[in-house]
Amino acid sequence: MKIYTTAPLEDPRKARTIYKELEDIGYDGGFSFEAKHDPFLAAAVAAEHTTTLRLGTAIAIAFARNPMNLANLGYDMQSISGGRFVLGLGSQVKPHIEKRFSSTWSHPAERMREIVLAIKAIWNCWEGKAPLDFRGRFYTHTIMIPAFNPGPNPYGPPPIFTGGFGPKMTAVAGVAADGFISHPFNTRRSLLENTLPALEQGLAESGRQRSDIEVMSATLVVTADTEETMAASKLAARKQLAFYGSTPAYLPTLACHGWEDVHKELNRLSKEGRWDDMTDLIGDDILNEIAVVGERHEIAGKLRARLDGIADSVSITHNRYPDPGHWADVVRDLKKQA
């Protein structure tokens, strides 16, 4: 199992050091994400300060850009990193696409599928495999002159991973992408009952096999060294899960376990701004099903039990209470069990 994490980058200047630290710890990959800062700039800086660490975006917001722009970014990052880049794309949600990025939101799954296929068509043109002639419902790319053609990438085109939660967006990865990033608001049961069938449907549509795609499971980890810090980590996780659980899009995970009423109450309280009350609804049963919770020496085994037969790689995450040591001991234990 490959071991990844997303770097908690509040200060973009720390990209010079934090990714090197992840590489030294033994991670297989370190990812940036689109929040307060551009994810590609952090990855570019990280490429200059690492040598073996796989770098990627988990995720960059696809609908805030266009396929040609993303093709250029992916190509350049693959070159700068020496072939270590993963172009990870996600959709975000309608209000942010329209009101934060002033971009177009419509038919998200179909649009994401088309973006991935368009990027690959552009790269195929640059690789000299075919003229550029992509004509889709949302994007059209039919002109490429020598002045704008960088030619074949010295390391080959990078893989494209897509993130998703619902069945339609999950199926997109099976149809068009090289990898799939599952959402952390999942349990083993929801991954087996909701995610994998949708992924298999997409693979069947494109005539591909499960071995043709890498499944990366972003997994919320709750652990600490003392009772006090463990309590703080659990509280932060409950707040994160309460936020997710209040959103109708994430109801299917709760429904797998018969927790629909919890979602209804979380949704109601969120509309009233009662965030602290929402946290109280995330009991130990929900916390332990969605997050991997335990003492530090237990986490590696619990992660393997959670993802066995499901994922090819894990991305250890806890955005609201990031581990200051980047779970170095967990990485070491996972490597020992390989």
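This is a predicted model: local features need pLDDT of at least 70, side-chain atom pairs count only at pLDDT 80 or more; totals for chains, interfaces and linings use all residues.
View 1. Leaving aside residues up to four places away in sequence, serine 91 touches Ile61, Phe63, Ile97, Trp105, Met112 and Met169.

View 2. Alanine 58 and isoleucine 59 are joined by a cis peptide bond, for which omega is about 5°. Isoleucine 59 belongs to the loop that lies between β3 and β4.

**View 3. The largest nonpolar core and isoleucine 316.** The largest nonpolar core holds 36 residues, and within this core Tyr19, Leu199, Leu303 and Ile316 are the residues that touch the most other members. At least two residues of this core come from each of α1 (15-25), α2 (39-47), α7 (188-206), β10 (214-222), α13 (296-307), β12 (313-317) and α14 (328-337). When residues up to four places away in sequence are not counted, isoleucine 316 touches Ile3, Tyr4, Thr5, Thr6, Thr219, Val221, Leu303, Trp327, Val330 and Leu334.

**View 4. Tryptophan 327 in the loop between β12 and α14.** Tryptophan 327 is found in the loop between β12 and α14, and its phi is near 55°, a positive value in a residue other than glycine. The side of the accessibility cut-off on which tryptophan 327 falls is clear, because a relative accessible area of 5% makes this residue buried. Tryptophan 327 is also among the residues touched by isoleucine 316.

**View 5. Helix α2 and the elements around it.** Helix α2 is mostly covered, with seven of its nine residues buried. These buried residues are Pro39, Phe40, Ala42, Ala43, Ala44, Ala46 and Ala47. The elements against which the buried residues of α2 pack are α1, β2 (29-32), β3 (54-57), β4 (60-61), α3 (67-80) and β5 (85-90).

**View 6. The contact of helix α5 with helix α6.** The axes of α5 (residues 108-126) and α6 (residues 167-176) come within 9 Å and cross at roughly 20°, and α5 is therefore roughly parallel to α6. The crossing in which α5 passes α6 is right-handed. On the α5 side, Pro108, Ala109, Met112, Arg113, Val116, Leu117 and Lys120 take part, and these residues meet Lys168, Met169, Val172, Val175 and Ala176 of α6. By class, the residues of the contact of α5 with α6 are nine nonpolar, no polar and three charged.

**View 7. The contact of helix α3 with helix α5.** The axes of α3 and α5 are 9 Å apart, and the two helices pack at an angle of about 60°, so that α3 and α5 are oblique to each other. The crossing of this pair, α3 and α5, is right-handed. Pro67, Met68, Leu70, Ala71, Asn72, Gly74 and Tyr75 of α3 make the contact with Ile115, Ala118, Ile119, Ile122, Trp123 and Trp126 of α5. Eleven nonpolar and two polar residues form the contact of α3 with α5, which has no charged residues.

**View 8. The contact of helix α13 with helix α14.** Helices α13 and α14 pack with their axes 9 Å apart and at an angle of about 50°, which means that α13 is oblique to α14. The crossing of α13 and α14 is right-handed. The contact involves Arg296, His297, Ile299, Ala300, Gly301, Leu303 and Arg304 of α13, together with Asp329, Val330, Asp333, Leu334 and Gln337 of α14. The residues of the contact of α13 with α14 comprise five nonpolar, three polar and four charged.

**View 9. Glutamine 240 in helix α8.** Glutamine 240 is placed in helix α8 (residues 227-245), and this glutamine 240 counts as buried because its relative accessibility is 4%. With residues up to four places away in sequence left out, glutamine 240 touches Leu220, His318, Asn319 and Arg320.

How values were computed
Residues are numbered from 1 along each chain as its sequence is written. Side-chain values use heavy atoms; hydrogens and water are left out. A nonpolar core is a set of buried Ala, Val, Leu, Ile, Met, Phe, Trp, Tyr and Cys residues joined through side-chain atoms within 4.5 Å. Buried means under 20% relative accessible area, exposed over 50%, partly exposed in between (1.4 Å probe, protein chains only). Helices (H or I, at least four residues) and strands (E, at least two) are DSSP runs, numbered from the N terminus. Contact means heavy atoms within 4.5 Å. Axes are lines fitted to C-alpha atoms, for helices over the stretch in contact, and angles run from 0 to 180 degrees between N-to-C directions. Angles under 35 degrees count as roughly parallel, over 145 as roughly antiparallel, 65 to 115 as roughly perpendicular and the rest as oblique. A crossing is left-handed if the near helix is turned anticlockwise from the far one by less than a right angle, and right-handed if clockwise. Ala, Val, Leu, Ile, Met, Phe, Trp, Tyr, Cys and Pro count as nonpolar, Asp, Glu, Lys and Arg as charged, and the others, Gly among them, as polar.
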